[in-house]
Amino acid sequence: MLRLQEIRGWSLTAISNIVLAFYLAAVVFSFWISKQPARRGPRSVVTFGAIASGGALIALPRVENLGLLLAVFLVLSLGWSATNTNPISTTVLAWFPNRQ
C-alpha cells in the first residue's frame, strides 16, 4: 500500500478503504460461490477464480485512478472467493464420499 501511495500519490486512507472493500466483497461473494460447485462443477468454479484473479493481477499495474483500483480489487476478490477454502474443500470432500 505504501508503494501505491508513493507512486500514485493516493491517500493511505483511500487505499485502505479499497482493501477493506476487497474483504467485505469476498464475504458476500463467498456465499454465492459456495453454491456454485454443486451447480457448475468444482473445476469450472476454480478455473473461473484463477482466470478472474489472474486478470485482476495483470490489470493491477495499469491502474491509473482509485475507481479502477476498486474495480480491480473487486474482481480479485471474486477470484479469491472462487479459489479459497469453500470450493477447494468441496472438491476434496467429493473424493471421499463414504468417509465421515
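View 1. At 1.5 Å a residue, the 22 residues of helix 2 should span 32 Å, and the end C-alpha atoms of helix 2 are 31 Å apart, which agrees; the expected span is 1.5 Å times one less than the number of residues in the helix. Helices (H or I, at least four residues) and strands (E, at least two) are DSSP runs numbered from the N terminus. The model is predicted, so that local features need pLDDT of at least 70 and side-chain atom pairs count only at pLDDT 80 or more, whereas totals for chains, interfaces and linings use all residues. Residues are numbered from 1 along each chain as its sequence is written, and side-chain values use heavy atoms, with hydrogens and water left out. Within helix 2, the residues Ala14, Ile15, Ile18, Phe22, Ala25, Ala26, Ser30 and Ile33 are buried, where buried means under 20% relative accessible area, exposed over 50%, and partly exposed in between (1.4 Å probe, protein chains only). These buried residues of helix 2 pack against helix 1 (2–8), helix 3 (36–40), helix 4 (42–59), helix 5 and helix 6 (85–94), a contact being heavy atoms within 4.5 Å.

View 2. A pair of aromatic rings is described by the distance of the centres and the angle of the planes. The structure holds 4 aromatic pairs; rings of Phe, Tyr and Trp (its six-membered ring) pair if their centres lie within 6.5 Å, and planes under 30 degrees apart count as stacked, over 60 as edge-to-face and the rest as tilted. The rings of Phe22 and Tyr23 have centres 4.9 Å apart and planes at 85°, so this pair is edge-to-face. Phe22, at 10% relative accessibility, counts as buried, whereas Tyr23 is partly exposed with a relative accessible area of 48%. Phe22 also forms an edge-to-face pair with Phe73, at 6.2 Å centre to centre and with 80° between the planes. That pair links distant parts of the chain, with Phe22 in helix 2 (residues 12–33) and Phe73 in helix 5 (residues 66–83), 51 residues apart. Phe73 is buried, as is Phe22, and ring pairs link Phe22, Tyr23, Phe73 and Trp80 into a cluster.

**View 3. The largest nonpolar core.** In soluble globular proteins, nonpolar side chains tend to be buried together. Here the largest nonpolar core has 10 residues, namely Trp10, Ile15, Ile18, Phe22, Ala56, Val63, Leu69, Val72, Phe73 and Leu76; such a core is a set of buried Ala, Val, Leu, Ile, Met, Phe, Trp, Tyr and Cys residues joined through side-chain atoms within 4.5 Å. The elements that give two or more residues to this core are helix 2 and helix 5, and the largest share, 4 residues, comes from helix 5. Trp10, leaving aside its neighbours within four places in sequence, is in contact with Leu4, Gln5, Ile15, Val63, Glu64, Asn65, Leu66 and Leu69.

View 4. Ser77 lies in helix 5 and is buried, with a relative accessible area of 0%. Not counting residues up to four places away in sequence, Ser77 touches Phe22, Ala25, Ala26 and Phe29. Phe29, in turn, is found in helix 2 and is partly exposed, with a relative accessible area of 24%. With neighbours within four places in sequence left aside, the contacts of Phe29 are Leu74, Ser77, Leu78 and Ser81. Phe29 and Gly49 are 20 residues apart in sequence and 11 Å apart in space, C-alpha to C-alpha.

**View 5. Thr90 in helix 6.** Thr90 has its place in helix 6 and is partly exposed, with a relative accessible area of 35%. Thr90 and Ala38 are separated by 52 residues in sequence and by 8.7 Å in space, C-alpha to C-alpha.

**View 6. The whole chain as context.** The chain has 6 helices and 0 strands. The radius of gyration of the chain is 16 Å, well over the 13 Å that the globule rule gives for 100 residues, so the chain is more spread out than a compact globule; the radius is taken over C-alpha atoms, and the rule is 2.2 Å times the number of residues to the power 0.38. Taken along the principal axes, the C-alpha atoms fill a box of roughly 55 × 20 × 20 Å. Buried residues make up 30% of the 100 residues.
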